Amino acid sequence: MKPEKAMPEDFSKSSPGPNWSTLAVHAGEEHEKARSALTDPVFLTSTYSFADSDSLLKFIVEKQPREEYARYGNPLEKTAERKLAALENAADAVLYASGMTAIAGLLLGKLRAGDEIVLIDECYLRTRDLCLETLPRFGITTRLVPACDYAALEAAISPATRLIFGELPTNPHLSVLDLERIAALGQRRGVETAIDATLATPYNIRPLDYGIDYVLHSCTKYFGGHNDLLAGVVLGSREKMEPLRNFRGLLGLMGSPQVAHLLLRGLKTFELRIERHNANGQAVAEFLAGHPRIETVYYPGLSSHPQHELARRTMRGCGGVVTFTVKNADWRQTADVVDAVRVPHIAPSLGGVESLIEQPLVLSYYDYSPEQRRQWNIPDNMIRLACGIENAEDLIADLNQALEVH
Ligand SMILES: Cc1ncc(COP(=O)(O)O)c(C=O)c1O
């Protein structure tokens, strides 16, 4: 299924789409709030009382929409879910305590012993760990396929396959999946599809518009946007979200009202921030691509990227994450470049206002053998830069001086 609105010819800001900032500021909120507060009040309560047994019965029998016990939800988390659903063009959303909780909430809430999933192998390493190391304990098997190999994807589907799971763009290699193809394959073979679009955000692409069944995000990243919270979300149809919401309530996989407050506050500036992340990512990628010390730049906004045309057709921008390798550098010389950078902090994560930089070998893949790092295409000279919202010229000048270091 094609999105209703024509996709842009290029990454231009004037391309059609919803009025993102109006949605980000107002969607999901009640106009009249408790005590006439302008912003949504934070209710710090673990339980909710009933006036009498009749009102309790009314809630139970008529399924009246109200709060009951905080493990099943709180008003602010519901506001955040409605706002995220509006941004993602989804009927419903289920908020979780972290991105990983959202992924686990989907996989464990949906799959049972004997089921298989097909995982596109280029992805956040903890997602792969969860699928390869934890799910087998519950009798669930994962088949890995390389990113963008659609023949391998189709061949990996068996009668036991329940879900195809991929990332867009992939972390940290920034490959761009063809969602129309994946959704069509899933529909043809009767297999549901899920896309972790954390690195894209709905501003850049909305997978549900392509017929994907579930879209997931680590809200820790661009949605929260300020490197100050952990949260995750799964979005899709009401019918598909209902069992996930029940499973979340059973285990209490949700975050706190304070986190929902921070998330809602971060979301107000969603469009402004993502436009800047996109612009910074593109400018930094172009600078690195022209630098003599750089070997490869992984960024879909560059014409050299293998899926550049697909990105141009389907995405409004490519986000703030730029991955690159330093020419003829061993791990130490690469670490010297990371250490010489002054503006970004050396830290995991991405999508916040502060730029963050890391060498995957040192940060996330240290415990992996050289063979495993080769298998997952993590060379020693790879750096991932998550551009924040600083001024692009400062980020570029900083990288330029850091690349002088030998
Ligand atoms: C693509 C992607 N998905 C999921 C996650 C996990 O999110 P969280 O750290 O909020 O659990 C991350 C974290 O880096 C990520 O990059």
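Modeller: Let's start with the ligand. By class, its shell holds 4 nonpolar, 7 polar and 2 charged residues. Keep in mind that this is a predicted model.

Colleague: What makes a residue part of the group that surrounds the ligand?

Modeller: Its C-beta atom, placed from the backbone, has to lie within 6 Å of the molecule. There are 13 residues around the ligand, and the closest are S98, G99, M100, S218 and T220.

Colleague: How do you know how far to trust the prediction, going by pLDDT?

Modeller: pLDDT is the predictor's confidence on a scale from 0 to 100. The protein averages 95, and 96% of the residues score at least 70. Residues 1-15 are another matter, with pLDDT below 50. Beyond near neighbours in sequence, that stretch has 17 contacts in the model.

Colleague: Which domains does the protein have?

Modeller: The domain assignment gives domain 1 (20-267) and domain 2 (270-402). Their C-alpha centres lie 27 Å apart. The contact between them takes 27 residues from domain 1 and 30 residues from domain 2. On the domain 1 side, helix α1 (residues 20-26) gives the most, with 3 residues. That side divides into 16 nonpolar, 9 polar and 2 charged residues.

Colleague: Now the sheets. What is the strand order in the open sheet of 7 strands?

Modeller: The order is β1-β7-β6-β5-β4-β2-β3, with mixed pairing.

Colleague: And why are β1 and β3 said to stand at the edges?

Modeller: β1 (92-96) and β3 (141-145) each have a single partner strand, so one side of each is left without a neighbour in the sheet. Neighbouring strands here are turned by 20° against each other on average, direction ignored.

Colleague: What makes β1 and β7 a pair?

Modeller: Pairing takes at least two bridges found by DSSP. β1 and β7 (residues 232-236) are joined by 5 bridges, so they pass that test, and they run antiparallel. For a spot to look at, V94 stands opposite V234 in β7.

Colleague: Which helices lie across β1, β6 and β7?

Modeller: One of them is α3 (residues 75-88), running at about 130° to β1. Another is α8 (residues 238-251), running at about 25° to β1.

Colleague: What about the open sheet of 5 strands: which strands stand at its edges, and why?

Modeller: The order is β8-β9-β12-β11-β10, again with mixed pairing. The edges belong to β8 (294-298) and β10 (345-346); each has a single partner strand, so one side of each lacks a neighbour in the sheet. Helix α10 (residues 270-289) packs on this sheet, touching β8, β9 (321-326) and β12, and its direction makes about 15° with that of β9.

Colleague: How do you know that β11 and β12 pair?

Modeller: The cut-off is at least two bridges. There are 3 bridges between β11 (residues 356-358) and β12 (residues 382-386), so the two count as paired, and they run antiparallel. E358 has R384 as its bridge partner in β12.

Note on methods
Residues are numbered from 1 along each chain as its sequence is written. This is a predicted model: local features need pLDDT of at least 70, side-chain atom pairs count only at pLDDT 80 or more; totals for chains, interfaces and linings use all residues. Ala, Val, Leu, Ile, Met, Phe, Trp, Tyr, Cys and Pro count as nonpolar, Asp, Glu, Lys and Arg as charged, and the others, Gly among them, as polar. Helices (H or I, at least four residues) and strands (E, at least two) are DSSP runs, numbered from the N terminus. Axes are lines fitted to C-alpha atoms, for helices over the stretch in contact, and angles run from 0 to 180 degrees between N-to-C directions. Two residues are in contact if their C-beta atoms, placed from the backbone, lie within 7 Å. Domain bounds come from an automatic or database domain assignment.
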